[in-house]
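Dear colleague,

I am passing on the structure we spoke about, and below it you will find what came out of going through it. Please read the notes with the structure open beside them.

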Amino acid sequence: MKAVEIKPDIFWVGAVDWNNRDFHGYSIKKGTTYNAYLVRDEKTVLFDTVRQGFKGDLLHHLRQLIEPEKIDYIVVNHVELDHSGCLPELIELIKPEKIFCSPMGKKVLLEHFHRPDWPLEVVKTGDQIELGRRTVRFIETRMLHWPDSMFSYIPEEKLLISSDAFGQHWATSQRFDDEVDQAELLAHSAKYYANILLLYSPLVEKLLAQVQADGLEIEMIAPDHGLIWRRNPSAILEAYQRWSSQQARSKAVIIYDSMWHSTEKMAKAVLSGLQDEGIKEISLLHARKNHRSDIMTEVLEAGAVILGSATLNNNIMPAMADVLTYMKGLRPKNKIGAAFGSFGWSGEAVKHLNGYLEEMGVELVGEGVRIKNVPTHETLADCVELGHSIARALNGTAGR
Ligand code: FEO
């Protein structure tokens, strides 16, 4: 591949990882990219590096533009290893005059690489460095996605190098938003938000408000993963506004696992009840047939989360525990929900599912429905009624 000029004398020099399918438990079905950027000016700066194993791609791109030894500075916007995995080798080669990072970045770099001899220079929000014709202004963005994260803003170019924020895990030969299918781009962005940033939504809201208050002019957003927003950066800014507010939509997600299809019959009866009351957007997701990260993407804008599980060994099915442990960590907000499940003798699953819902702050609609062994047309009526109740509650709460 080639380095790609994204603004005059500013280049994408990162790597495309076509084969990665798992990003610490997040299923990335179409790979990802590790974006790095080079700014050529009186001082030449490399923004971030790439994951270990991709040094060759980064160097191949850099050498099309400059001998790496001639790079003056490295900016580490984020220390997570997908961006700093080959930082030690790059530092060895480049011998940069300075390495800029946030205060937490310095701490985390030292904890990862144990190299107090590196020329680390701490920058805080509002600090800036002069490159010649351009300036780089730093904005700390704690917890987006780690405590060390920061943005680099180049005002002369109205360019925001945004680290993990506004990215997507999507390996493509294209580099810009206007070169790909818009619906797929938004879908990858939503999945990324649901699985990486949802937990930090209050901080995202605060950051977006600060960007607006500061009147930061943004013509291009260059994230560390996926496509660069050149045609329509406001599309992703607006989407982040919506996702971070966690406003509930009139959408229900039913997540379940079944042993011998009885809980599955209950799930379908709940769906039918929701439809009776006019809910159009419903996802029925078997926990063993849908990846936890795809389930979270469906949960992102849903107003209702409904859980079903058979009872197994006095507990819920293991795949449900996997999904719910993951979901609880991402702290979805503004949801209503309920639980249901079939059982053979003890039947604790609904109690456990209600416990998960309560821990997540989900407003419960009823105590849930339990059916012993195989449901009949008559007993499934309770599940249909549960669907009715949730739909009525959802129609009352969606959009609030
Ligand atoms: Fe792309 Fe938080 O690393």
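This is a predicted model: local features need pLDDT of at least 70, side-chain atom pairs count only at pLDDT 80 or more; totals for chains, interfaces and linings use all residues.

At 32% relative accessibility, Arg249 counts as partly exposed, because that class lies between buried, which means under 20% relative accessible area, and exposed, which means over 50% (1.4 Å probe, protein chains only).

Residues are numbered from 1 along each chain as its sequence is written, and side-chain values use heavy atoms, with hydrogens and water left out.

As for the whole protein, it holds 12 helices and 22 strands, where helices (H or I, at least four residues) and strands (E, at least two) are DSSP runs numbered from the N terminus. Its C-alpha atoms fill a box of roughly 80 × 40 × 35 Å along the principal axes, and buried residues make up 58% of the 400 residues.

To return to E17, 7 of its 9 residues are buried, so this strand is largely enclosed by the rest of the structure. E17 runs parallel to strand E19 (residues 302-309), to which 7 bridges pair it, two strands being counted as paired if DSSP finds at least two bridges between them; here Ile254 stands opposite Ile306 in E19. E17 is also joined by 6 bridges to strand E18 (residues 281-286), again in the parallel sense, and the bridge partner of Tyr256 in E18 is His286.

A further group of strands forms an open sheet of 5 in the order E12-E13-E14-E15-E16, with mixed pairing. Strands E12 (128-130) and E16 (220-222) stand at its edges with a single partner strand each, so one side of each is left without a neighbour in the sheet. From one strand to the next the twist averages 20°, the axes being lines fitted to C-alpha atoms (for helices over the stretch in contact) and the angles running from 0 to 180 degrees between N-to-C directions. E12 pairs with E13 (residues 135-140) in the antiparallel sense over 3 bridges, Glu130 having Thr135 of E13 as its bridge partner. The hairpin of these two strands has 4 residues between them, and there Gly132 takes a positive phi near 135°. E13 in turn pairs with E14 (residues 150-154), antiparallel and over 4 bridges, with Arg137 opposite Tyr153 in E14.

Among the helices, H11 (residues 349-359) has Ala349, Val350, Leu353, Asn354, Tyr356 and Leu357 buried. Seen down the axis of H11, these buried residues fall within an arc of 155°, so they line one face of the helix, the arc being that of the directions from the helix axis to the C-beta atoms. Lys351, Glu358 and Glu359, on the other side of H11, are exposed.

Finally, the lining of the largest cavity is made up of Arg242, Trp243, Gln246, Gln247, Leu300 and Glu301. A cavity here is a set of points, on a 1 Å grid over the protein atoms alone, where a 1.4 Å probe fits but cannot get out, and lining residues have an atom within 4 Å of a point.

With best wishes

How values were computed. On a 1 Å grid over the protein atoms alone, a cavity is a set of points where a 1.4 Å probe fits but cannot get out, and a pocket is an open set with protein on both sides within 12 Å along at least five of seven lines; lining residues have an atom within 4 Å of a point.
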